[in-house]
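Thank you all for coming. Before I say anything, please take a moment to look at the sequence and the model on the screen.

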Amino acid sequence: MQETYYDDNYNVAQSVRDRHREAAEESLTREEYGLLIDSEWVDSEDGSEGVAIDPTTGEELAKIQSGTSTDVDRAVEAAQGALDGAWGQLSPKQRGEKLDEIADRLEDMQTELAKLESLEAGKPNMHSRFVDVEIVVEQFRHFAAIARTADTGRVVPSEDQKQIVTKREPYGVVGAISAWNFPAMFVAWKLGPALAAGNAVVFKPASKAVLSSLVIARVCDRVLPSGTVNVVTGPGSEVGSAISSHEGISKVTLTGSKFAGVQTLKGAADTITPVSVELGGKSPNIVFPDADLDKAIEGTMVSIFFNSGQQCTAGSRLFVHEDIREEFLDRLQERIADLQVGDPLSPRTDIGPMIDHEHAREVEEYISGAIEDGTTVLVGNDATETDAGGADSDTAGAPFVHPTVLTDVDDDATVSCEEVFGPVLSVFEFSERDEVIERANDTKFGLAAGVWTEDLETAHVVSSELEAGTVWVNTYNDLLDPAPHGGFKESGMGRELAEEALDDYSQIKTVKMNFGGVPKF
């Protein structure tokens, strides 16, 4: 899979290596993972392999199969077999019971799943355990309840002796393509609604983080009829393309970059396969002068530094009113100084490593480019790539990027317009409400936004006028409740996390019956 994680500069302490090896032994049940097709671990068609790498230590976690388009064919055949067989025969109530059982099993292994997320994605373990994995379990529980009424339609009023009813029906085989920044969580986001609606699934995890997807899929497979959930690991150029263009797949869903979304839409065009995508963001986070600064500062921390900034909803554009700018930034700097950057398995760590060195360098290039353009680095390092705590740190050589705050940034600067996908915050000053709304909306993205105010009118007006799929008021990145999530503009189309997701995983059929006169010619 991803063999570029290795770096000669790794100089991680032996105590950290030992901690990670022990966690891997507790969390992984296999040293080699095949493709999961029709309830069997199988080799890829051409036998190609890759490796899953721990970004903190640079050590191999497991060997992974690298699938091909032929493997996607095998997975689609297995999924269709499940639809034609046992899975397709289950009632909505029975589907709900299966999803509840999956949630029960995942709840029993939350500790192991959280460690696995920290190992393969560099997530601080406290975040993995009490955010990511909690959402995984909650999503399966939520859609277990929804599954019981997923087929329910409505009666359409009609004149004469006619009856008109609608009903939901599954698409059939769903092709799901995921991203690496929340690997476990995205499995639940995709599988929960897809299975609740009665579909079978061919799932492709991101190549940079595959292990938690395989572990969760295996749990699903043990509960569901054979072939209901299949996983084909491999590069997007091969496996992702095969999924998006496959004639046997009736619906495609993707979470990823804009480039991946465009390629997926192009691949699905020839077969006119419906596609839902959740893509990138450049979200504004607006602090009004009447805001509770304690809340706003903590919310800003969550908005940009959670998951080391590797989040599509990151509030990477901070707009602070001129009357409170100085106080807010002083307090924000003090709060950032308290952050612990280091080993994600340490309970004290707030910021873990980037997913790999390549991505860390990309983030640092944005920072360097901003400095060249005249931006001021209020918080952060000017080095091309930094280590947690410096060269003598226990995690020296791992791909860390320290929390960075940039001021004196132009609205049209590259760092202001493009998704950095790292712990990099650009700060802007504003004076008027209408002005900040216009500037906040001046982006091609529209995934999320934050508003901090104690004024009810400001909260209502600004949240109504911001062009974003989710607007958080006096909170941020609050995804624990099952509210619909998705983007406006180039941030995507479709919704996840809540009942509205069924619209993306089911088709509406209308049945009109005439019990009266002869139809007119």
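What you see is a predicted model, in which local features need pLDDT of at least 70 and side-chain atom pairs count only at pLDDT 80 or more, while totals for chains, interfaces and linings use all residues. Residues are numbered from 1 along each chain as its sequence is written, and side-chain values use heavy atoms, with hydrogens and water left out.

Let us begin with helix H10, residues 258–269, where helices (H or I, at least four residues) and strands (E, at least two) are DSSP runs numbered from the N terminus.

Within H10, Gly261, Thr264, Gly267 and Ala268 are buried, meaning under 20% relative accessible area, whereas exposed means over 50% (1.4 Å probe, protein chains only). Seen down the axis, the buried residues of H10 fall within an arc of 130 degrees, so they line one face of the helix, the arc being that of the directions from the helix axis to the C-beta atoms. The face turned away from that buried side carries the exposed residues Phe259 and Lys266.

Turning to the strands, S8 (residues 162–170) runs antiparallel to S7 (residues 155–156), joined by two bridges, and two strands pair if DSSP finds at least two bridges between them. S7 and S8 form a hairpin with five residues between them, and aspartate 160 in the turn has a positive phi of about 60 degrees. S8 also pairs with S23 (residues 506–514), in the antiparallel sense, over nine bridges.

How values were computed
Expected span 1.5 Å × (residues − 1).
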